[in-house]
Amino acid sequence: MNVAEAVGRALCAAGVGQVFGVVGSGNFHVTNAMVAAGARFVAARHEGGAATMADAYARTSGTVAVVSVHQGPGLTNAMTGIAEAAKSRTPLVVLAAEVTESRSNFYVDQEALARAVGAVPVRVTSAQEAVEQACVAVGLAVRERRTVLLNLPLPVQALEVPDGALAHAAPLPQRVAVEPDADEVAALSRLLGQARRPVFVAGRGARGAGCREALETLAERHGALLATSAVAHGLFHGNPWSLGISGGFASPLAVELLQGADLIVGWGCALNMWTMRHGNLIGADATVVQVDDEPSALGAHRPVHLGVGGDVRLTARRLCEAGGADGEGYRIPEVAAALAARVRLRDVPYEDTSTRERIDPRTLSIALDDILPAERVVGVDSGNFMGYPSAYLSVPDEKGFCFTQAFQSIGLGLATTIGAALAQPDRLPVAALGDGGALMSAADLETVRRLGLPMVVVVYDDEAYGAEVHHFGPDGHPLDTVRFPPTDIAAVGRGYGFEAVTVRTPADLKAVRDWVDGPRSAPLLVDAKVVADHGSWWLEEAFRGH
(Lines give C-alpha, C1' and ligand atoms only; values in the text may rest on other atoms or scores of the structure.)
Protein backbone atom coordinates (compact mmCIF):
# COMPACT_ATOMS: atom_id res chain seq x y z
CA MET A 1 0.00 0.00 0.00
CA ASN A 2 1.42 3.38 -0.90
CA VAL A 3 1.34 6.53 1.21
CA ALA A 4 -1.55 8.15 -0.69
CA GLU A 5 -3.83 5.19 -0.02
CA ALA A 6 -2.64 4.79 3.56
CA VAL A 7 -3.23 8.47 4.41
CA GLY A 8 -6.72 8.37 2.93
CA ARG A 9 -7.61 5.25 4.86
CA ALA A 10 -6.03 6.56 8.06
CA LEU A 11 -8.07 9.75 7.94
CA CYS A 12 -11.25 7.73 7.68
CA ALA A 13 -10.17 5.39 10.46
CA ALA A 14 -9.52 8.45 12.64
CA GLY A 15 -13.15 9.54 12.29
CA VAL A 16 -13.55 11.43 9.01
CA GLY A 17 -16.71 10.53 7.13
CA GLN A 18 -17.29 13.53 4.86
CA VAL A 19 -14.94 14.97 2.25
CA PHE A 20 -15.42 17.92 -0.08
CA GLY A 21 -13.06 19.01 -2.79
CA VAL A 22 -11.96 19.53 -6.34
CA VAL A 23 -9.81 16.65 -7.57
CA GLY A 24 -6.69 17.08 -9.66
CA SER A 25 -3.71 14.89 -10.34
CA GLY A 26 -2.06 15.55 -6.99
CA ASN A 27 -5.01 14.58 -4.77
CA PHE A 28 -6.63 12.01 -7.05
CA HIS A 29 -5.35 8.85 -5.37
CA VAL A 30 -5.72 9.98 -1.76
CA THR A 31 -9.28 11.16 -2.37
CA ASN A 32 -10.22 7.88 -4.01
CA ALA A 33 -8.68 6.05 -1.06
CA MET A 34 -10.98 7.93 1.31
CA VAL A 35 -13.99 7.04 -0.83
CA ALA A 36 -12.92 3.40 -0.86
CA ALA A 37 -12.63 3.51 2.92
CA GLY A 38 -16.25 4.66 3.25
CA ALA A 39 -16.12 8.47 3.23
CA ARG A 40 -18.68 10.42 1.25
CA PHE A 41 -17.08 12.71 -1.31
CA VAL A 42 -18.81 15.81 -2.66
CA ALA A 43 -17.24 17.52 -5.64
CA ALA A 44 -17.57 21.29 -5.69
CA ARG A 45 -17.04 23.49 -8.74
CA HIS A 46 -14.39 25.65 -7.06
CA GLU A 47 -12.01 24.95 -4.21
CA GLY A 48 -13.22 28.02 -2.30
CA GLY A 49 -16.70 26.55 -2.29
CA ALA A 50 -15.37 23.13 -1.28
CA ALA A 51 -13.57 24.59 1.74
CA THR A 52 -16.66 26.50 2.82
CA MET A 53 -18.89 23.45 2.40
CA ALA A 54 -16.53 21.49 4.64
CA ASP A 55 -16.46 24.33 7.18
CA ALA A 56 -20.27 24.51 7.32
CA TYR A 57 -20.63 20.73 7.48
CA ALA A 58 -18.24 20.53 10.44
CA ARG A 59 -19.98 23.37 12.28
CA THR A 60 -23.46 22.01 11.74
CA SER A 61 -22.75 18.32 12.29
CA GLY A 62 -20.31 18.71 15.17
CA THR A 63 -17.86 16.35 13.45
CA VAL A 64 -14.52 16.88 11.73
CA ALA A 65 -14.58 17.16 7.91
CA VAL A 66 -11.95 17.15 5.17
CA VAL A 67 -11.47 19.34 2.12
CA SER A 68 -9.21 17.79 -0.50
CA VAL A 69 -7.34 20.03 -2.96
CA HIS A 70 -4.65 19.95 -5.63
CA GLN A 71 -1.19 21.30 -4.93
CA GLY A 72 -0.49 25.00 -5.47
CA PRO A 73 -3.50 26.63 -7.18
CA GLY A 74 -5.92 24.16 -5.66
CA LEU A 75 -4.86 25.36 -2.23
CA THR A 76 -4.70 29.05 -3.12
CA ASN A 77 -8.20 28.85 -4.60
CA ALA A 78 -9.41 27.45 -1.28
CA MET A 79 -7.72 30.01 0.96
CA THR A 80 -10.70 32.29 1.63
CA GLY A 81 -12.79 29.37 2.84
CA ILE A 82 -9.85 28.10 4.88
CA ALA A 83 -9.37 31.54 6.45
CA GLU A 84 -13.04 31.62 7.45
CA ALA A 85 -12.76 28.17 9.03
CA ALA A 86 -9.51 28.99 10.83
CA LYS A 87 -10.84 32.25 12.27
CA SER A 88 -13.94 30.37 13.44
CA ARG A 89 -11.89 27.57 15.08
CA THR A 90 -13.69 24.98 12.97
CA PRO A 91 -12.35 21.41 13.34
CA LEU A 92 -11.37 20.89 9.71
CA VAL A 93 -8.56 19.07 7.88
CA VAL A 94 -7.37 20.59 4.61
CA LEU A 95 -5.73 17.76 2.70
CA ALA A 96 -3.45 19.29 0.08
CA ALA A 97 -1.03 17.71 -2.33
CA GLU A 98 2.30 19.51 -2.27
CA VAL A 99 5.27 19.94 -4.60
CA THR A 100 8.66 20.26 -3.00
CA GLU A 101 10.69 21.42 -6.00
CA SER A 102 10.81 25.24 -6.02
CA ARG A 103 11.19 25.34 -9.81
CA SER A 104 7.80 23.70 -10.30
CA ASN A 105 5.05 26.02 -11.54
CA PHE A 106 2.90 24.51 -8.77
CA TYR A 107 5.30 25.49 -6.02
CA VAL A 108 4.15 27.78 -3.24
CA ASP A 109 5.06 27.88 0.44
CA GLN A 110 1.98 26.03 1.63
CA GLU A 111 2.99 26.05 5.30
CA ALA A 112 3.30 29.84 5.19
CA LEU A 113 -0.14 30.10 3.59
CA ALA A 114 -1.62 28.09 6.44
CA ARG A 115 0.03 30.17 9.13
CA ALA A 116 -0.97 33.41 7.42
CA VAL A 117 -4.66 32.70 8.02
CA GLY A 118 -4.37 30.99 11.40
CA ALA A 119 -4.44 27.36 10.27
CA VAL A 120 -2.01 24.77 11.67
CA PRO A 121 0.37 23.15 9.14
CA VAL A 122 1.26 19.46 9.37
CA ARG A 123 3.26 17.52 6.76
CA VAL A 124 3.51 13.86 5.86
CA THR A 125 7.29 13.41 5.76
CA SER A 126 7.86 9.69 5.26
CA ALA A 127 6.23 6.37 4.51
CA GLN A 128 7.10 5.15 8.01
CA GLU A 129 5.26 8.00 9.73
CA ALA A 130 2.51 8.76 7.20
CA VAL A 131 -0.35 7.11 9.10
CA GLU A 132 0.68 8.63 12.41
CA GLN A 133 1.01 12.09 10.89
CA ALA A 134 -2.42 11.87 9.25
CA CYS A 135 -3.94 10.91 12.60
CA VAL A 136 -2.09 13.77 14.29
CA ALA A 137 -3.79 16.19 11.89
CA VAL A 138 -7.24 14.86 12.80
CA GLY A 139 -6.36 14.93 16.49
CA LEU A 140 -5.32 18.58 16.35
CA ALA A 141 -8.50 19.49 14.53
CA VAL A 142 -10.75 17.71 17.01
CA ARG A 143 -9.06 18.28 20.35
CA GLU A 144 -7.94 21.86 19.78
CA ARG A 145 -10.79 22.95 17.49
CA ARG A 146 -8.37 24.02 14.79
CA THR A 147 -8.27 24.08 11.03
CA VAL A 148 -5.28 21.96 10.05
CA LEU A 149 -3.46 21.91 6.70
CA LEU A 150 -2.13 18.40 6.05
CA ASN A 151 0.45 18.69 3.28
CA LEU A 152 0.99 15.51 1.29
CA PRO A 153 4.15 15.90 -0.84
CA LEU A 154 4.03 14.30 -4.28
CA PRO A 155 7.37 12.44 -3.92
CA VAL A 156 6.14 10.81 -0.71
CA GLN A 157 2.75 9.70 -2.03
CA ALA A 158 4.05 6.81 -4.12
CA LEU A 159 6.26 5.31 -1.40
CA GLU A 160 5.23 2.01 0.16
CA VAL A 161 4.22 2.09 3.83
CA PRO A 162 5.39 -0.69 6.17
CA ASP A 163 3.18 -3.74 6.58
CA GLY A 164 0.60 -3.22 9.30
CA ALA A 165 0.95 0.56 9.23
CA LEU A 166 -2.81 1.06 9.49
CA ALA A 167 -3.13 -1.05 12.61
CA HIS A 168 -2.87 1.95 14.93
CA ALA A 169 -5.26 4.19 12.98
CA ALA A 170 -8.51 4.37 14.95
CA PRO A 171 -11.16 6.89 16.02
CA LEU A 172 -9.54 9.52 18.19
CA PRO A 173 -10.83 10.67 21.58
CA GLN A 174 -12.97 13.79 21.48
CA ARG A 175 -12.01 17.09 23.04
CA VAL A 176 -11.99 16.84 26.81
CA ALA A 177 -14.38 19.24 28.51
CA VAL A 178 -12.47 21.72 30.68
CA GLU A 179 -13.49 21.62 34.33
CA PRO A 180 -13.87 25.16 35.72
CA ASP A 181 -11.87 26.34 38.70
CA ALA A 182 -13.89 26.03 41.91
CA ASP A 183 -12.95 29.52 43.14
CA GLU A 184 -14.02 31.08 39.84
CA VAL A 185 -17.32 29.20 39.97
CA ALA A 186 -17.87 30.44 43.52
CA ALA A 187 -17.15 34.03 42.45
CA LEU A 188 -19.64 33.82 39.59
CA SER A 189 -22.19 32.21 41.92
CA ARG A 190 -21.91 35.21 44.23
CA LEU A 191 -22.40 37.63 41.34
CA LEU A 192 -25.47 35.74 40.17
CA GLY A 193 -26.87 35.78 43.68
CA GLN A 194 -26.47 39.56 43.88
CA ALA A 195 -27.82 40.34 40.40
CA ARG A 196 -31.32 41.73 39.93
CA ARG A 197 -31.29 41.92 36.13
CA PRO A 198 -28.96 39.21 34.77
CA VAL A 199 -28.68 38.38 31.08
CA PHE A 200 -26.92 35.35 29.60
CA VAL A 201 -25.43 35.78 26.12
CA ALA A 202 -24.48 32.44 24.54
CA GLY A 203 -22.07 32.14 21.63
CA ARG A 204 -20.28 29.57 19.50
CA GLY A 205 -18.93 27.77 22.57
CA ALA A 206 -22.46 27.09 23.84
CA ARG A 207 -23.56 25.12 20.77
CA GLY A 208 -22.47 21.76 22.17
CA ALA A 209 -24.65 18.94 23.40
CA GLY A 210 -26.43 19.70 26.65
CA CYS A 211 -25.47 23.39 26.75
CA ARG A 212 -28.97 24.71 26.16
CA GLU A 213 -30.50 22.64 28.95
CA ALA A 214 -27.75 23.56 31.42
CA LEU A 215 -27.99 27.29 30.66
CA GLU A 216 -31.78 27.34 30.75
CA THR A 217 -31.81 25.59 34.12
CA LEU A 218 -29.30 28.05 35.56
CA ALA A 219 -31.07 31.04 34.03
CA GLU A 220 -34.40 29.97 35.51
CA ARG A 221 -32.87 29.68 38.97
CA HIS A 222 -31.44 33.21 38.79
CA GLY A 223 -34.15 34.91 36.75
CA ALA A 224 -31.83 35.59 33.82
CA LEU A 225 -32.92 36.55 30.32
CA LEU A 226 -31.34 34.68 27.42
CA ALA A 227 -29.70 35.95 24.25
CA THR A 228 -27.23 34.66 21.67
CA SER A 229 -24.55 35.96 19.36
CA ALA A 230 -25.44 35.73 15.67
CA VAL A 231 -23.41 32.53 15.35
CA ALA A 232 -25.54 30.77 17.99
CA HIS A 233 -28.88 32.04 16.62
CA GLY A 234 -31.66 29.59 17.45
CA LEU A 235 -30.07 28.16 20.60
CA PHE A 236 -32.96 29.30 22.82
CA HIS A 237 -35.70 29.07 20.19
CA GLY A 238 -39.09 28.75 21.85
CA ASN A 239 -37.95 29.88 25.29
CA PRO A 240 -40.31 32.66 26.46
CA TRP A 241 -37.41 34.54 28.08
CA SER A 242 -35.25 34.63 24.97
CA LEU A 243 -34.23 38.00 23.53
CA GLY A 244 -33.02 36.44 20.28
CA ILE A 245 -29.80 37.76 18.76
CA SER A 246 -27.72 40.28 20.67
CA GLY A 247 -25.88 42.89 18.60
CA GLY A 248 -26.54 44.54 15.27
CA PHE A 249 -29.47 42.24 14.46
CA ALA A 250 -31.18 42.74 17.84
CA SER A 251 -34.72 44.05 18.17
CA PRO A 252 -35.28 47.40 19.93
CA LEU A 253 -36.72 45.57 22.93
CA ALA A 254 -33.70 43.28 23.15
CA VAL A 255 -31.42 46.32 23.05
CA GLU A 256 -33.39 48.00 25.83
CA LEU A 257 -33.30 44.96 28.09
CA LEU A 258 -29.61 44.26 27.45
CA GLN A 259 -28.71 47.85 28.26
CA GLY A 260 -30.71 47.54 31.47
CA ALA A 261 -28.88 44.44 32.69
CA ASP A 262 -26.78 44.71 35.84
CA LEU A 263 -24.94 41.45 35.04
CA ILE A 264 -24.04 40.15 31.59
CA VAL A 265 -22.51 36.69 31.35
CA GLY A 266 -21.03 35.61 28.04
CA TRP A 267 -21.12 31.84 27.67
CA GLY A 268 -18.64 30.71 25.02
CA CYS A 269 -19.18 34.14 23.54
CA ALA A 270 -16.50 36.68 22.63
CA LEU A 271 -18.68 39.68 23.58
CA ASN A 272 -17.02 41.44 20.66
CA MET A 273 -17.94 44.68 18.91
CA TRP A 274 -20.63 42.96 16.83
CA THR A 275 -22.38 41.15 19.68
CA MET A 276 -22.17 44.11 22.07
CA ARG A 277 -22.50 46.92 19.48
CA HIS A 278 -19.09 48.34 20.30
CA GLY A 279 -19.98 48.14 24.00
CA ASN A 280 -23.21 50.13 23.64
CA LEU A 281 -25.28 47.21 24.91
CA ILE A 282 -23.43 47.16 28.23
CA GLY A 283 -24.78 49.52 30.85
CA ALA A 284 -22.35 51.80 32.67
CA ASP A 285 -22.82 49.94 35.96
CA ALA A 286 -23.11 46.42 34.56
CA THR A 287 -20.81 43.64 35.68
CA VAL A 288 -19.40 41.62 32.78
CA VAL A 289 -18.37 37.98 33.08
CA GLN A 290 -17.01 35.67 30.41
CA VAL A 291 -17.01 31.86 30.51
CA ASP A 292 -14.84 30.09 27.93
CA ASP A 293 -12.70 26.99 27.76
CA GLU A 294 -10.03 28.87 25.80
CA PRO A 295 -8.00 30.97 28.27
CA SER A 296 -6.89 33.33 25.49
CA ALA A 297 -10.52 34.23 24.78
CA LEU A 298 -11.17 35.68 28.23
CA GLY A 299 -11.11 39.45 28.01
CA ALA A 300 -9.77 39.36 24.45
CA HIS A 301 -12.30 41.87 23.11
CA ARG A 302 -13.19 43.90 26.19
CA PRO A 303 -12.30 44.07 29.88
CA VAL A 304 -14.29 41.68 32.04
CA HIS A 305 -14.83 41.76 35.77
CA LEU A 306 -14.48 37.99 35.98
CA GLY A 307 -13.18 35.37 33.56
CA VAL A 308 -14.06 31.73 34.15
CA GLY A 309 -11.95 29.19 32.29
CA GLY A 310 -14.18 26.21 31.73
CA ASP A 311 -16.56 24.31 29.49
CA VAL A 312 -19.93 26.04 29.20
CA ARG A 313 -22.06 23.02 30.09
CA LEU A 314 -19.86 21.95 33.01
CA THR A 315 -19.65 25.47 34.39
CA ALA A 316 -23.43 25.94 34.26
CA ARG A 317 -23.92 22.61 35.99
CA ARG A 318 -21.42 23.45 38.73
CA LEU A 319 -23.26 26.71 39.35
CA CYS A 320 -26.56 24.86 39.61
CA GLU A 321 -24.98 22.50 42.12
CA ALA A 322 -23.84 25.52 44.12
CA GLY A 323 -27.47 26.42 44.76
CA GLY A 324 -28.74 29.83 45.78
CA ALA A 325 -31.05 32.43 44.23
CA ASP A 326 -34.43 31.16 42.91
CA GLY A 327 -35.64 34.77 42.74
CA GLU A 328 -37.52 36.33 39.85
CA GLY A 329 -34.51 38.42 38.77
CA TYR A 330 -35.18 40.00 35.38
CA ARG A 331 -38.19 37.75 34.80
CA ILE A 332 -40.81 40.15 36.05
CA PRO A 333 -44.37 40.36 34.65
CA GLU A 334 -43.70 43.57 32.72
CA VAL A 335 -40.76 41.98 30.89
CA ALA A 336 -42.76 38.83 30.20
CA ALA A 337 -45.55 40.85 28.60
CA ALA A 338 -43.12 42.85 26.48
CA LEU A 339 -41.28 39.75 25.28
CA ALA A 340 -44.53 38.08 24.28
CA ALA A 341 -45.54 41.09 22.17
CA ARG A 342 -42.49 42.54 20.47
CA VAL A 343 -39.20 40.72 20.95
CA ARG A 344 -38.98 39.78 17.25
CA LEU A 345 -38.04 42.40 14.69
CA ARG A 346 -40.91 41.25 12.51
CA ASP A 347 -43.30 42.38 15.25
CA VAL A 348 -41.93 45.93 15.21
CA PRO A 349 -43.97 48.28 12.96
CA TYR A 350 -42.13 49.66 9.93
CA GLU A 351 -42.88 51.72 6.87
CA ASP A 352 -43.10 49.34 3.92
CA THR A 353 -41.15 50.97 1.09
CA SER A 354 -42.12 48.42 -1.57
CA THR A 355 -43.01 49.66 -5.04
CA ARG A 356 -44.53 47.93 -8.07
CA GLU A 357 -41.01 47.07 -9.23
CA ARG A 358 -39.16 46.35 -5.99
CA ILE A 359 -40.03 44.68 -2.70
CA ASP A 360 -38.97 45.87 0.75
CA PRO A 361 -36.49 43.27 2.07
CA ARG A 362 -38.31 43.26 5.42
CA THR A 363 -41.61 42.46 3.71
CA LEU A 364 -39.90 39.76 1.67
CA SER A 365 -38.21 38.17 4.69
CA ILE A 366 -41.34 38.14 6.85
CA ALA A 367 -43.35 36.55 4.03
CA LEU A 368 -40.68 33.89 3.47
CA ASP A 369 -40.59 33.14 7.18
CA ASP A 370 -44.31 32.42 7.04
CA ILE A 371 -44.17 30.38 3.82
CA LEU A 372 -41.13 28.16 4.35
CA PRO A 373 -41.33 25.12 6.65
CA ALA A 374 -40.19 25.71 10.23
CA GLU A 375 -37.72 22.80 10.07
CA ARG A 376 -35.04 24.58 8.10
CA VAL A 377 -31.31 25.23 8.00
CA VAL A 378 -30.41 28.75 6.90
CA GLY A 379 -27.07 29.84 5.46
CA VAL A 380 -26.38 33.56 5.01
CA ASP A 381 -23.86 35.29 2.76
CA SER A 382 -22.26 38.62 3.63
CA GLY A 383 -23.39 42.02 2.40
CA ASN A 384 -25.81 44.89 2.93
CA PHE A 385 -28.77 42.49 2.88
CA MET A 386 -27.51 39.99 5.46
CA GLY A 387 -29.36 41.33 8.48
CA TYR A 388 -32.76 40.66 6.94
CA PRO A 389 -32.58 36.86 6.70
CA SER A 390 -30.56 36.68 9.93
CA ALA A 391 -33.06 38.65 11.98
CA TYR A 392 -36.33 37.79 10.25
CA LEU A 393 -36.00 34.09 9.41
CA SER A 394 -36.54 31.92 12.47
CA VAL A 395 -34.63 28.68 12.92
CA PRO A 396 -35.56 25.69 15.10
CA ASP A 397 -32.28 25.47 17.02
CA GLU A 398 -28.60 26.38 16.89
CA LYS A 399 -28.01 23.79 14.15
CA GLY A 400 -30.54 25.55 11.96
CA PHE A 401 -28.34 28.57 11.25
CA CYS A 402 -24.86 28.67 9.73
CA PHE A 403 -23.20 32.09 9.79
CA THR A 404 -19.82 32.11 8.04
CA GLN A 405 -18.87 35.71 8.78
CA ALA A 406 -15.59 35.52 10.70
CA PHE A 407 -13.69 36.71 7.60
CA GLN A 408 -16.60 38.81 6.27
CA SER A 409 -16.16 37.59 2.70
CA ILE A 410 -19.01 37.68 0.23
CA GLY A 411 -19.59 34.64 -1.96
CA LEU A 412 -19.58 31.97 0.77
CA GLY A 413 -23.32 31.71 1.45
CA LEU A 414 -24.27 29.16 -1.20
CA ALA A 415 -21.45 26.78 -0.29
CA THR A 416 -22.25 27.31 3.40
CA THR A 417 -25.80 26.15 2.84
CA ILE A 418 -24.72 23.11 0.81
CA GLY A 419 -22.46 21.95 3.64
CA ALA A 420 -25.11 22.62 6.28
CA ALA A 421 -27.76 20.86 4.19
CA LEU A 422 -25.68 17.68 3.99
CA ALA A 423 -25.20 17.78 7.77
CA GLN A 424 -28.95 18.29 8.38
CA PRO A 425 -30.61 16.26 5.59
CA ASP A 426 -34.05 16.23 7.21
CA ARG A 427 -34.41 20.03 7.01
CA LEU A 428 -35.17 22.39 4.17
CA PRO A 429 -31.95 24.25 3.27
CA VAL A 430 -32.38 27.99 2.65
CA ALA A 431 -29.50 30.01 1.17
CA ALA A 432 -29.84 33.78 1.60
CA LEU A 433 -27.53 35.62 -0.79
CA GLY A 434 -26.95 39.07 -2.22
CA ASP A 435 -26.74 39.40 -5.98
CA GLY A 436 -22.96 39.95 -5.77
CA GLY A 437 -22.34 36.80 -3.75
CA ALA A 438 -24.84 34.79 -5.81
CA LEU A 439 -23.12 35.57 -9.10
CA MET A 440 -19.69 35.09 -7.54
CA SER A 441 -20.59 31.53 -6.49
CA ALA A 442 -23.05 30.63 -9.27
CA ALA A 443 -21.05 27.61 -10.44
CA ASP A 444 -22.09 25.69 -7.33
CA LEU A 445 -25.73 25.99 -8.30
CA GLU A 446 -24.82 22.98 -10.42
CA THR A 447 -23.61 21.23 -7.25
CA VAL A 448 -26.99 21.81 -5.60
CA ARG A 449 -28.77 20.36 -8.63
CA ARG A 450 -26.38 17.42 -8.98
CA LEU A 451 -26.78 16.47 -5.32
CA GLY A 452 -30.56 16.67 -5.56
CA LEU A 453 -30.84 19.08 -2.65
CA PRO A 454 -34.36 20.54 -2.28
CA MET A 455 -32.84 23.95 -1.59
CA VAL A 456 -34.39 27.40 -1.69
CA VAL A 457 -31.90 30.03 -2.84
CA VAL A 458 -33.11 33.55 -2.10
CA VAL A 459 -31.21 36.36 -3.82
CA TYR A 460 -31.69 39.84 -2.36
CA ASP A 461 -30.97 41.60 -5.66
CA ASP A 462 -30.20 45.34 -5.47
CA GLU A 463 -27.95 45.29 -8.55
CA ALA A 464 -24.96 46.48 -6.55
CA TYR A 465 -22.49 45.83 -3.82
CA GLY A 466 -24.97 47.51 -1.53
CA ALA A 467 -22.73 47.91 1.49
CA GLU A 468 -20.33 50.09 -0.48
CA VAL A 469 -23.13 52.01 -2.21
CA HIS A 470 -24.70 53.03 1.07
CA HIS A 471 -21.41 53.65 2.85
CA PHE A 472 -19.76 55.84 0.22
CA GLY A 473 -22.78 57.24 -1.62
CA PRO A 474 -23.86 59.80 1.01
CA ASP A 475 -20.44 61.47 0.75
CA GLY A 476 -20.83 61.97 -2.98
CA HIS A 477 -18.27 59.42 -4.13
CA PRO A 478 -18.73 57.94 -7.63
CA LEU A 479 -20.40 54.53 -7.46
CA ASP A 480 -19.95 53.14 -10.97
CA THR A 481 -17.47 50.56 -9.67
CA VAL A 482 -20.01 49.01 -7.28
CA ARG A 483 -23.22 49.19 -9.35
CA PHE A 484 -24.19 46.74 -12.08
CA PRO A 485 -26.79 46.49 -14.84
CA PRO A 486 -29.93 44.43 -14.22
CA THR A 487 -29.31 40.68 -14.38
CA ASP A 488 -31.95 38.00 -14.84
CA ILE A 489 -30.69 35.82 -12.01
CA ALA A 490 -33.81 33.66 -12.28
CA ALA A 491 -32.72 32.76 -15.82
CA VAL A 492 -29.26 31.87 -14.49
CA GLY A 493 -30.94 29.52 -12.02
CA ARG A 494 -33.03 27.89 -14.74
CA GLY A 495 -29.87 27.34 -16.73
CA TYR A 496 -28.55 25.20 -13.88
CA GLY A 497 -31.80 23.21 -13.65
CA PHE A 498 -33.54 25.19 -10.90
CA GLU A 499 -37.14 26.21 -10.81
CA ALA A 500 -37.01 29.98 -10.53
CA VAL A 501 -39.22 32.99 -9.90
CA THR A 502 -38.60 36.73 -10.04
CA VAL A 503 -40.22 38.51 -7.09
CA ARG A 504 -41.10 42.20 -7.27
CA THR A 505 -44.25 42.22 -5.13
CA PRO A 506 -45.68 40.01 -2.37
CA ALA A 507 -48.08 38.52 -4.91
CA ASP A 508 -45.13 37.01 -6.78
CA LEU A 509 -44.37 34.85 -3.74
CA LYS A 510 -47.29 32.55 -4.66
CA ALA A 511 -44.78 30.63 -6.74
CA VAL A 512 -42.77 29.95 -3.58
CA ARG A 513 -45.90 28.67 -1.80
CA ASP A 514 -46.65 26.41 -4.75
CA TRP A 515 -43.09 25.05 -4.69
CA VAL A 516 -43.30 24.34 -0.95
CA ASP A 517 -46.63 22.53 -1.45
CA GLY A 518 -45.46 20.67 -4.54
CA PRO A 519 -43.11 17.77 -5.19
CA ARG A 520 -39.95 19.92 -4.87
CA SER A 521 -38.43 17.88 -7.66
CA ALA A 522 -35.90 20.63 -8.40
CA PRO A 523 -34.37 23.32 -6.18
CA LEU A 524 -35.92 26.79 -6.25
CA LEU A 525 -34.20 30.12 -6.89
CA VAL A 526 -35.99 33.30 -5.82
CA ASP A 527 -34.64 36.38 -7.59
CA ALA A 528 -36.02 39.09 -5.31
CA LYS A 529 -35.67 42.59 -6.72
CA VAL A 530 -35.34 44.46 -3.44
CA VAL A 531 -35.65 48.15 -2.64
CA ALA A 532 -32.21 49.70 -2.92
CA ASP A 533 -32.65 53.32 -1.87
CA HIS A 534 -31.30 53.00 1.68
CA GLY A 535 -28.78 50.98 3.64
CA SER A 536 -29.69 48.33 6.16
CA TRP A 537 -30.12 49.46 9.75
CA TRP A 538 -26.93 47.80 10.97
CA LEU A 539 -24.66 48.95 8.12
CA GLU A 540 -23.25 52.16 9.57
CA GLU A 541 -22.44 50.42 12.82
CA ALA A 542 -20.76 47.56 10.99
CA PHE A 543 -18.44 49.87 9.08
CA ARG A 544 -17.24 51.35 12.36
CA GLY A 545 -15.40 48.06 12.87
CA HIS A 546 -13.21 48.53 9.79
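In which sense do strand β3 and strand β4 pair, and over how many bridges? Strand β3 (residues 65-69) and strand β4 (residues 92-98) pair in the parallel sense over five bridges, with V66 standing opposite V93 in β4. Strands count as paired if DSSP finds at least two bridges between them; the strands themselves (E, at least two residues) and the helices (H or I, at least four) are DSSP runs numbered from the N terminus. The model is a predicted one, where local features need pLDDT of at least 70, side-chain atom pairs count only at pLDDT 80 or more, and totals for chains, interfaces and linings use all residues. Residues are numbered from 1 along each chain as its sequence is written, and side-chain values use heavy atoms, with hydrogens and water left out.

Zooming out, β3 and β4 belong to an open sheet of six strands with parallel pairing, ordered β2-β1-β3-β4-β6-β5. At the edges sit β2 (40-43) and β5 (120-123), each pairing on one side only.

Then there is E84, which lies in helix α4 (residues 73-87). E84 is buried, with a relative accessible area of 0% (buried means under 20%, exposed over 50%, partly exposed in between, using a 1.4 Å probe and protein chains only). Its C-alpha atom is separated by 5.1 Å from that of F407, 323 residues apart along the chain. Leaving aside neighbours within four places in sequence, the contacts of E84 (heavy atoms within 4.5 Å) include D55, R59, F403 and L412. The E84 side chain also reaches the backbone nitrogen of A406 at 3.0 Å.

Definitions and conventions: A polar contact is a pair of N or O atoms within 3.5 Å; within protein, one must be able to donate a hydrogen and the other to accept it, and residues adjacent in sequence count only if both atoms are side-chain atoms.
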